[in-house]
Amino acid sequence: MNAKFRSNSWMISRVMSWAVGLSMLAVALLLSPNATAEQAVYPFTFIDDGGQEVRIERRPARIVTLGPSNTEILFAVGAGDQVVGVDEYSNFPAEAEPKPKVGSMRTPSFETIAALDPDLVFVINSSSDHRERLEGLGYTVAHIVPSNLQEIYERIDLVGRIVGRPQRARDVVAQMQARVAGTVARIGDVPEANKPRVFHEVWGDPLMTAGPGSFINELIEMAGGINIAADANSAWPRMSLEVVVERNPTVILTTFDNTVEELRAGARAAWQEIDAVQTGRIYQLNEDEIARPGPRIVLGLESIARALYPDRF
């Protein structure tokens, strides 16, 4: 009886040991970045930013991108080896430069695209009109164009799932969120009354700026600035010089070097009454970092925050 009891106890002990071992193995597999977390599930169906349902049957091996923001997202999530063609403005990262060029976003070469025989073509707003023709040629098309920081996070995650790199995409988003949080924390205690009034020059003639609904407006506010065009009636409104002078920004942001040179040299007489011009607070930003809704948007936020609060960076 005692021998049988000891035998049963031994068997129960072994079964429990195996169960614990299997549980620990399952947890290890779930936590391992090189395990099943990187295995995307296909077919994968989603609604893109053009409002169209897109079905991805299998991991796309040949991707063409008509838009530099999506090119940057693809390379950031580790899908650069799947990209076989890019538009002529896709100049980042360096690995994108040697990729075959398929024309511009507005005037792509359909012959070149056809020769590359892509599984998937990414388009943005300025290339979305070509969707019908591309689909008519038999290509799967995805329209991806986020309009704010949260949507940028979500689209990076989406692209990661589309191309079979979900964990890498989540890592990119987490790194971006950490940098954004660090930047915002540095200026989080600035009283509203002390925040600088900001004018961002999008275009010089006609004079255009960034209004509500644009991610540049969002970046200015996150960086602790007050956008003087925050009450405009569109995301990219025209603004007369008279209104700019009246609202008297304390900081002027631009992507044009001639604007900085002319304002600092006093070459634009009508601007001389503006506080930002009188104090020399005119800053040139990297256009690609603030105008492309992709991973480098965090660099744009950091650049704006440094311009507004140089003593905190």
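Trainee: What is the handedness of the crossing of H5 and H6?
Mentor: This is a predicted model in which residues are numbered from 1 along each chain as its sequence is written. Local features need pLDDT of at least 70 and side-chain atom pairs count only at pLDDT 80 or more, while totals for chains, interfaces and linings use all residues, and side-chain values use heavy atoms, without hydrogens and water. In a crossing the near helix is turned from the far one by less than a right angle, anticlockwise if left-handed and clockwise if right-handed. The crossing of H5 and H6 is right-handed.

Trainee: How far apart are the axes of H5 and H6?
Mentor: Helix H5 covers residues 149-162 and helix H6 covers residues 166-187, helices being DSSP runs (H or I) of at least four residues and strands runs (E) of at least two. They pack at an angle of about 160°, on a scale from 0 to 180 degrees between N-to-C directions. That makes H5 roughly antiparallel to H6 (over 145 degrees, whereas under 35 degrees is roughly parallel). The distance between their axes is 7 Å.

Trainee: How many charged residues take part in the contact of H5 with H6?
Mentor: From H5, the residues include Leu149, Ile152, Asp157 and Arg161, and from H6 they include Pro166, Arg170, Met176 and Gln177, with contact meaning heavy atoms within 4.5 Å. The residues of this contact divide into 10 nonpolar and two polar, and the charged ones number three.

Trainee: What distance separates the axes of H6 and H12?
Mentor: Helix H12 covers residues 297-308, and H6 packs with H12 at an angle of about 10°. That makes H6 roughly parallel to H12. On the H6 side the contact is made by Met176, Arg179, Val180 and Thr183, and on the H12 side Ile297, Leu301 and Ala305 are among the residues. The axes of H6 and H12 lie apart by 10 Å.

Trainee: Which strands stand at the edges of the sheet?
Mentor: The open sheet of four strands has the order S4-S3-S5-S6, with parallel pairing, where two strands pair if DSSP finds at least two bridges between them. An edge strand has a single partner strand, so one side of it is left without a neighbour in the sheet. The strands at the edges are S4 (83-86) and S6 (140-143).

Trainee: Which helix packs on the sheet and touches S3, S4 and S5?
Mentor: Strand S3 (residues 63-66) runs parallel to S4 and is joined to S4 by three bridges, with Val64 having Gly85 in S4 as its bridge partner. The helix that touches S3, S4 and strand S5 (120-123) has a direction that makes about 140° with that of S3. Its residues are 68-76, and its name is H2.

Trainee: Which residue forms an aromatic pair with Trp203?
Mentor: The pair is edge-to-face, at 5.7 Å centre to centre and with 80° between the planes, given that ring centres of Phe, Tyr and Trp (its six-membered ring) must lie within 6.5 Å and that planes under 30 degrees apart are stacked, over 60 edge-to-face and the rest tilted. Trp203 lies in strand S8 and its partner in the loop between strand S11 and helix H9, so the pair ties together parts that are 53 residues apart in sequence. The partner of Trp203 is Phe256.

Trainee: Which proline does a cis peptide bond join to Tyr42?
Mentor: The omega of this bond is about 0°, and the proline has its place in the loop between helix H1 (2-31) and strand S1 (44-47). The residue joined to Tyr42 is Pro43.

Definitions and conventions. Parallel < 35°, antiparallel > 145°, perpendicular 65-115°, else oblique. Nonpolar A, V, L, I, M, F, W, Y, C, P; charged D, E, K, R; others polar.
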